[in-house]
Amino acid sequence: MVKRLVVFDFDWSLVDQDTDRYVFECLQPELRKSMKVDKAHVQWTDLMARNLGKLHEQGFTRQQIEESLQELPFHRAMRRGVRSLKERTQTTLFCLSNSNSIFIDTILKHHRMTDIFSEIVTNPAEWDDTGLLKLRRRISPEEQQHNCKVGCSPNMCKGTELAAYLERHGGFDQVIYVGDGGNDMCPVLTLRSQDLALVRTGRELQRRIAREGGTRCEIKYWGGAWEVEQIFNTMQ
């Protein structure tokens, strides 16, 4: 049996939305609107932390944030496909995301999927006693910064994080990377000829692959969760 690692980005890859934007679309659309301008001059994770503070100041509660996350679209076919792959095969699943630990954990708990991933690497977050969701970068501005040249965001180099995971957990016969965003390009470039990238159509990762090339792995494109489930169902 193939010893396989499946690496999932979270937003628009495992789930069918962007967790950061979705919360504000549900609770405070004016803040969501301002993010379109502010992202040009504020690092994204810092902007999210600032706007979560504004939500708190405006009286929005932990329960309201959690309820919005529980409503976020998470396709049944994706949940079914991932669960079946894990139970049928010798597959380890790893989540590598620029979302945050509270958002991801809340969604996985709601859908009874907390046992799926062996490890989740993302931006750390925690609730304080007042109900404020405190978020910080995985790599803080005070720490030594990564030197990624591919285009990863300052808070995390996904290629470095994937390499570190493989170093911690040993070799796999095959690595499958499921992603959609421009910052998924870096880990996809590290994949070998026997590996597979499942790339969501119509998003920046597809555009970067077409524009820049440089990949060695097999690439399959998908638009809906049911297509990922079909691919997983062919695996032994």
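Which residues does Asp9 touch, not counting residues up to four places away in sequence? I found Leu14, Leu96, Ser97, Lys158, Tyr177, Val178, Gly179, Asp180 and Asp184. Contact here means heavy atoms within 4.5 Å.

A note on the source: this is a predicted model, where local features need pLDDT of at least 70, side-chain atom pairs count only at pLDDT 80 or more, and totals for chains, interfaces and linings use all residues. Residues are numbered from 1 along each chain as its sequence is written, and side-chain values use heavy atoms, with hydrogens and water left out.

I then checked the record. UniProt (unreviewed entry) places "binding site" at Asp9, Asp11 and Asp180. They spread over 172 residues of sequence, yet the largest C-alpha distance is 8.3 Å. Such annotations may be inferred rather than shown by experiment.

Next I looked at burial. Asp9 has 6% relative accessibility, so it counts as buried (under 20% relative accessible area, 1.4 Å probe, protein chains only). Asp11 counts as buried too, at 11%. Asp11 lies in helix H1 (a DSSP run of H or I, at least four residues). Beyond four places in sequence, Asp11 is in contact with Gln17, Asp18, Thr19, Asp20, Ser99 and Asp180.

Last, the largest pocket. I noted about 650 Å³ of space there. Its lining has 28 residues, and the closest to its centre are Asp18, Arg21, Trp44, Asn98 and Asn183. A pocket is an open set of 1 Å grid points over the protein atoms alone where a 1.4 Å probe fits, with protein on both sides within 12 Å along at least five of seven lines; lining residues have an atom within 4 Å of a point. The volume is the space filled by probe spheres set on the points.

Definitions and conventions:
Buried < 20%, exposed > 50% of the residue type's maximum accessible area, 1.4 Å probe, protein only. Helix = DSSP H or I, 4+ residues; strand = E, 2+ residues; numbered from the N terminus.
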